Amino acid sequence: MLYPLSILSLLLLALIHLTHGANYIPFEPKDTISFETRAYWMRRANAALAELNSPCPFTAFGTVIVNHTATSDEYPHGKLVCMSVNQNQQKGNPTLHGEISGINNCSDILTDPKGEYKLSPQETLQAWKTLSLYTNAEPCPMCASAIRWSGFAECIYGTSIDTLVEKGWSQISLSSEDVFEESEGLPSKTSNFPCPSGCSRAAKSGYCEAVVAQQGKSEL
Ligand SMILES: [Zn+2]
């Protein structure tokens, strides 16, 4: 016969086994966009630096804003709505990081009465929900907040904040994941993709690595 305390111990042990012994899979939004398409747009974000600024920009941060719902034979990777780069040095405005400068550019393009879209301000506020923002470096807390207030469908970034700090860039040490997590009270949702499908960003290295390689390591 088991005493109540022993039964409680067994239940606790079973609970510990279930929560720690089982393969725990953290929630991650499902990435339905191919690696090829993700890589194409991340390269366009890099290329925006030379196209809009200089082949040797002082602040090497570029952004492209893409409509993946507009994929067609003409636009197999989705359609570019606008792009931008960090404009601090050009405009003297410290808030014009690549992402916020990109949002400003897209807003002008989407609402231009003589442009392609001719959206009203209200229609533009709804349009962000269908767009994806690619930035070659992880959004800082200011930009991550702007991305969440905009309500983008997706945010995809390249270099992590930790790596930027490691390379000597001054940064506010708050990850975009943390900002996104704390913004769950906003009505919109934004999927944050730090890596293309099939890869995962290792906490220590800060780089995207193949998931297969990570699983191999964990089995050692
Ligand atoms: Zn920023």
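Helices (H or I, at least four residues) and strands (E, at least two) are taken here as DSSP runs, numbered from the N terminus. This is a predicted model, in which local features need pLDDT of at least 70 and side-chain atom pairs count only at pLDDT 80 or more, while totals for chains, interfaces and linings use all residues. Residues are numbered from 1 along each chain as its sequence is written.

**Overall make-up**

The chain's secondary structure comes to nine helices and seven strands. Of its 220 residues, 27% count as buried, where a residue is buried if 20 or more other C-beta atoms lie within 10 Å of its own, exposed if 12 or fewer, and partly exposed in between, with C-beta atoms placed from the backbone. Two residues are said to be in contact if their C-beta atoms, again placed from the backbone, lie within 7 Å. Among contacts between residues at least 6 apart in sequence, 51% join residues at least 24 apart.

In soluble globular proteins, nonpolar side chains tend to be buried together. Leaving aside neighbours within four places in sequence, isoleucine 65 is in contact with Val81, Cys82, Met83, Gly102, Cys106, Leu131 and Leu133.

**The pair α4 and α6**

How do α4 and α6 lie relative to each other? Helix α4 (residues 98-111) and helix α6 (residues 141-150) pack at an angle of about 30°, with their axes 8 Å apart; axes are lines fitted to C-alpha atoms, for helices over the stretch in contact, and angles run from 0 to 180 degrees between N-to-C directions. The two helices are therefore roughly parallel to each other, a label given to angles under 35 degrees, whereas those over 145 count as roughly antiparallel, 65 to 115 as roughly perpendicular and the rest as oblique.

On the α4 side the contact is made by Glu99, Ile100 and Ile103, and on the α6 side by Cys143, Ala146, Ile147 and Ser150. By class, this contact has five nonpolar, one polar and one charged residues, with Ala, Val, Leu, Ile, Met, Phe, Trp, Tyr, Cys and Pro counted as nonpolar, Asp, Glu, Lys and Arg as charged, and the others, Gly among them, as polar.

The buried residues of α6 are Cys143, Ala144, Ala146, Ile147, Arg148 and Ser150, and they pack against α4, β3 (132-137), β4 (154-159) and α8 (176-182). Just after α6, glycine 151 takes a positive phi of about 85°.

**Single residues**

The table sets out two pairs by their spacing.

| Pair | Apart in sequence | C-alpha to C-alpha |
|---|---|---|
| Isoleucine 109 and leucine 119 | 10 residues | 9.0 Å |
| Methionine 142 and isoleucine 100 | 42 residues | 8.7 Å |

Isoleucine 109 lies in helix α4 and, with 16 C-beta neighbours inside 10 Å, counts as partly exposed. Not counting residues up to four places away in sequence, isoleucine 109 touches Val81, Cys82, Gly115 and Tyr117. Methionine 142, in helix α6, also counts as partly exposed with 16 C-beta neighbours inside 10 Å, and, leaving aside its neighbours within four places in sequence, is in contact with Thr95 and His97.

Most residues other than glycine have a negative phi. Lysine 118 has a positive phi of about 55° although it is not a glycine. Lysine 118 is placed in the loop between α4 and α5 (121-127), and counts as exposed because it has 11 C-beta neighbours inside 10 Å.
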